[in-house]
Amino acid sequence: MATPQWADAIERGLVQIAQDAVVHPTAVLILADRTGQERPVSIGAHARVGAFTVVHGGTILGEDVEVGHGGVVGEPETGYALRAHHDGHGADTVLGDGVVLRAGAVVYAGARVGARTAIGHHTLLRTGVRIGDDSQLGHLMTVERDTVIGDRVRCSPLTHLTAQMHIGDDAFIGARVGTINDKHLIWRDPDRQEPLRPPRVEAGAKVGTGVVLLPGVVIGAGALVGAGSLVTRDVAPGSTVFGSPARTNGGRS
């Protein structure tokens with residue numbers, strides 16, 4: 001890695017790369033956000049940054065991090081999101097030691113991913129997402145703004161986690177799970193908007209493939225939601241529910 005862009009940033013002290021880290025020659029460095037503010041970049045020991053990746057200012061890669069080909073790290077938020085307009089400010093974006101970001105994945109500015117967590121191909125982490133240690137997110141997922149995912153969580157492919165959700169430690173989220181945080185689905189109408197009410201999945205709960213979680217529902221610790229269920233109300237800790245609407249053992253919830 002010796003492109004003029006990277007060499008100049010290193011000379012100016014804005015980029016630090018551990019001696020044994022590997023950055024592909026085609027990797028692109030963008031230090032300045034949309035407001036013109038430059039932020040430093042740090043790449044730790046044994047880290048690998050793949051071909052045609054884009055690394056934005058504020059990116060911090062820990063030791064043994066692997067960013068797959070075509071990945072994007074530290075993308076500043078612009079435009080309308082979560083009922084606000086964003087001007088492209090950057091922020092620190094942290095991938096902890098041993099994180100694997102597979103090819104095509106995108107991590108927005110301000111996200112933080114814990115040690116040894118793996119993010120699947122073409123998965124999107126929006127601004128402010130927090131993911132704990134030893135978790136695994138499948139491919140083609142979307143994790144919206146400010147969602148918090150705990151340690152040792154498994155999320156399967158093609159799932160959408162809406163903004164401001166909480167997923168507890170050791171939870172399991174199946175494939176193609178859909179989540180909603182707006183009861184009335186109001187878009188850009190401040191006179192009618194109510195506070196967002198994201199679902200919540202507590203520690204050790206399991207949400208099966210194809211489940212839909214409606215706004216504000218809480219899946220209690222250790223609960224199991226059967227595949228294809230529509231969850232319209234809270235699920236008690238340790239219980240098993242299924243169906244549309246989801247009910248305990250087919251009876252009254």
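Trainee: Where does Thr127 lie?
Mentor: Thr127 is in a loop, with β17 (124–125) on one side and β18 (130–131) on the other. Strands here are DSSP E runs of at least two residues, helices are H or I runs of at least four, and both are numbered from the N terminus.

Trainee: What should I keep in mind about the model itself?
Mentor: It is a predicted model, so local features need pLDDT of at least 70 and side-chain atom pairs pLDDT 80 or more, while totals for chains, interfaces and linings use all residues. Residues are numbered from 1 along each chain as its sequence is written, and side-chain values use heavy atoms, leaving out hydrogens and water.

Trainee: Back to Thr127, then. Is it buried or exposed?
Mentor: Buried, because its relative accessibility is 14%. The cut-offs are under 20% relative accessible area for buried, over 50% for exposed and partly exposed in between, with a 1.4 Å probe and protein chains only.

Trainee: And what does Thr127 touch?
Mentor: Leaving aside residues up to four places away in sequence, Thr127 touches Glu77, Tyr108, Ala109, Arg145 and Asp146. A contact means heavy atoms within 4.5 Å.

Trainee: What is the phi of Asp146?
Mentor: It is near 65 degrees, a positive value in a residue other than glycine. Asp146 belongs to the loop between β20 (142–143) and β21 (148–149), and it counts as partly exposed because its relative accessibility is 32%.

Trainee: What about phi at Asp170?
Mentor: Asp170 also has a positive phi, about 65 degrees, although it is not a glycine. Its loop runs between β24 (166–167) and β25 (172–173). At 38% relative accessibility, Asp170 counts as partly exposed.

Trainee: Switching to omega: which peptide bond is cis?
Mentor: The one from Ser244 to Pro245, where omega is near 0 degrees. Pro245 sits in the loop between β33 (240–242) and β34 (247–248).

Trainee: Let's take a residue inside a strand. Where is Thr59?
Mentor: Thr59 is in strand β7 (residues 59–61). It counts as buried, because its relative accessibility is 0%. Beyond residues up to four places away in sequence, its contacts are Pro40, Val41, Ser42, Val73, Gly74 and Thr93.

Trainee: How many cavities of 30 Å³ or more does the structure hold?
Mentor: One. A cavity is a set of points on a 1 Å grid over the protein atoms alone where a 1.4 Å probe fits but cannot get out, and lining residues have an atom within 4 Å of a point. The largest cavity holds about 50 Å³ of space; grid points are joined across faces, edges and corners, and a volume is the space filled by probe spheres set on the points.

Trainee: Which residues are closest to the centre of the largest cavity?
Mentor: Of its 13 lining residues, Leu31, Asp33, Gly57, Pro76 and Gly90 are the closest to the centre.

Key. 1 Å grid on protein atoms, 1.4 Å probe; cavity = no way out; pocket = protein on both sides within 12 Å on 5 of 7 lines; lining within 4 Å.
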